[in-house]
Amino acid sequence: MNSRRRIRQEWLVGYLLVSPLIVIIIGLLGYPLGQAVWLSFTNKTFGHVGRFVGLKNYAYLLRDPFFLLALRNTAIYAGVAVGIKVLLGMGMALLLNETFKGRNFFRAFLFVPWVIPVIASALAWMWMYDPHSGIINHVLTSLRLIRFPIAWLSNIRVALLSVIIYNVWQGFPFHGMILLAGLQTIPKELYETAELDGASAVAKFRYITLYYIRLPVLIASVLSGIWTFNEFQKIFILTKGGPAKATHTIATYTYEVAFIEQQLGRGEAVSLFAAPLLGFLIFLLYRVLGKHTT
Amino acid sequence: MRTYFLRTRKQRRKVLTYGLLSIYVLLVAFPLYWMISTSLKSPREVYQRESIWFPKHPSFVNYRDLVTDITRPFLAYYRNSLIVALSTTIIGVLISLLGAYSITRLRWPGKGLVGNSILVTYLVPVSLLVIPLYVILKGLNLTNTLFGLFLTYLTRTIPFCTWALMGYLKTIPQELEDAAKIDGSGVLSTLFRVITPVAMPGVITAGIFSFVLSWNLYFYPLIFIAEKEKQVLTVGLRLIVGGDTIPWGTLMTAGVLTMILPIALFVFVQRYVVTGLGAGAMKG
């Protein structure tokens, strides 16, 4: 009897402590998510109550060349950026795991791009990319690598690449830190034993280092893949999805359709169209995390 | 001489390390340098070739103008950002800590479901939620208010903080808590007197994460705040400069002032972050 009351009491306390969390998650995440799905099946615009239109928004988008372009851009943007970030992050982690003077300082310093506000670094890059007075064109023309200044953010052929470069600069330290934490879990004796057995540096890297950090690499990649996939601010500040709607991704195109063209229902459909792919990435993350804990 | 210098493996490794380090440092430092040096140039110097690498006559005139010019509500944006970021951080971390403790340490039906789905809620894209949240805030009369921003910012910070804190709390041995319970300590006092001090690196990581994230949020204020005076820094930075030609000196100055706070915070707690981030990511 007494123990039963104890269990009841534990339930009550448990629910009580977790209740603010639940209220916020359901009220400001679950409910709006349901609304979002509903809106995507309506023709809601500003000031008008939407009417149910079935799959019309989705059908419209399948024939919308700008939407298809945004979908393609999102895949390129996320894929290329994450790939480079993983490589740069790996180099950074291996470097910071060495012993050298001032290591603690550099561990903090190389993390700075990820810590400073995106608005500040995005504006700095925008200014570096400036076609007339920007430093990048100045250096490239001085070195005679290019003859005419390049409009990094308004030339249709390089704009997406310019945004990717900035994204990589801002995001690689996150990979570096996660991988560094992973490297620190490798027992030092393993390397010593391998060395006694005459293993080469390449073999040690392949069979010890990579083996130990494969899961942190995956976790960091999937997480940053999801972030990059959902990215709004960096593209919006640098190009606003231009020139000629050429650098839109799912997030900025949602904004364009919902708030510029004022088609709220169709805007939701833009966002939801990518949900299955996002769902797959999240599923992947859970599988990896599950493996990692056991 | 050179072959002698690079003869041993140890020396080669050293050279490789410092070479790689220089590349990384240059890569990270250059945009920061470019921002700071531009902020110290006069409006005319910004566009002059002779002063492109560093200001010939460095001055703080941009800083003075930005802070004193009352037609530019820079300080108001700064204050608004500070209010929203601090309240989101303090309340958000508290809610997350209570939740994470309840999920990892107390037994109640349904906790498995909550614990497993918490991270998913963090990964729901902002672009999906921004339209319905706008409709909800409009209905509650909370558009154009900092309180509305605070509420919606919480949904971005709480899921990750709870997840990270769960990871951290799992690393704290149960015996610590049992000892406190035997001494007759209640749930809340166990949490705040026994667990929290040990979990401080995790709590600080969650706090820094919340602050940096809230300081950074862009999409929500862009949609929810229409009145210029109520705006926060992220969106406001572009509003302080009107017109077609961009005064880069002013903008870079605003950028430097915007990043000072997160950097200072980071320097202050840097040693906790690496352990906290590590524990959160490694222990799942």
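Predicted model: local features only at pLDDT ≥ 70, side-chain atom pairs only at ≥ 80, totals over all residues.
1. A residue is called buried when its relative accessible area is under 20% and exposed when that area is over 50%, with partly exposed residues in between.

2. Chain B holds 13 helices and zero strands, so that, read along the sequence, its pattern is α-α-α-α-α-α-α-α-α-α-α-α-α. Its radius of gyration is 24 Å, well over the 19 Å that the globule rule gives for 284 residues, and chain B is therefore more spread out than a compact globule. Taken along the principal axes, the box filled by its C-alpha atoms is roughly 75 × 70 × 35 Å.

3. Of the 284 residues in chain B, 55% are buried, while the accessible surface of the chain comes to about 13,100 Å², with 68% of that area belonging to carbon and sulfur atoms. Where contacts in chain B link residues at least 6 apart in sequence, 74% of them join residues at least 24 apart.

4. Helix α5 of chain B, which covers residues 111-123, has a kink of about 35° centred on B:S117. The buried residues in α5(B) are B:V114, B:G115, B:I118, B:L119, B:T121, B:Y122 and B:L123.

5. In chain A, the residue A:W11 lies in helix α1, which spans residues 2-40. Together with A:I7 and A:Y15, A:W11 makes a nonpolar surface patch of about 290 Å². Why does A:W11 count as partly exposed? Its relative accessibility is 36%, and this value falls between the 20% limit for buried and the 50% limit for exposed.

Notes. Residues numbered from 1 in each chain as written. Chains lettered and ligands numbered in written order. Heavy atoms only, no water. Patch = residues over 30% accessible without salt bridge, like charges linked within 9 Å, V, L, I, M, F, W, Y side chains within 5 Å. Areas by Shrake-Rupley, 256 points an atom, 1.4 Å probe, with all protein chains shown as cover. Salt bridge = Lys/Arg side-chain N within 4 Å of Asp/Glu carboxyl O. Helix = DSSP H or I, 4+ residues; strand = E, 2+ residues; numbered from the N terminus. Buried < 20%, exposed > 50% of the residue type's maximum accessible area, 1.4 Å probe, protein only. Bend = angle between axes of the 7 residues up to and from the residue. Rg over C-alpha atoms; globule rule 2.2 N^0.38 Å. Contact = heavy atoms within 4.5 Å.
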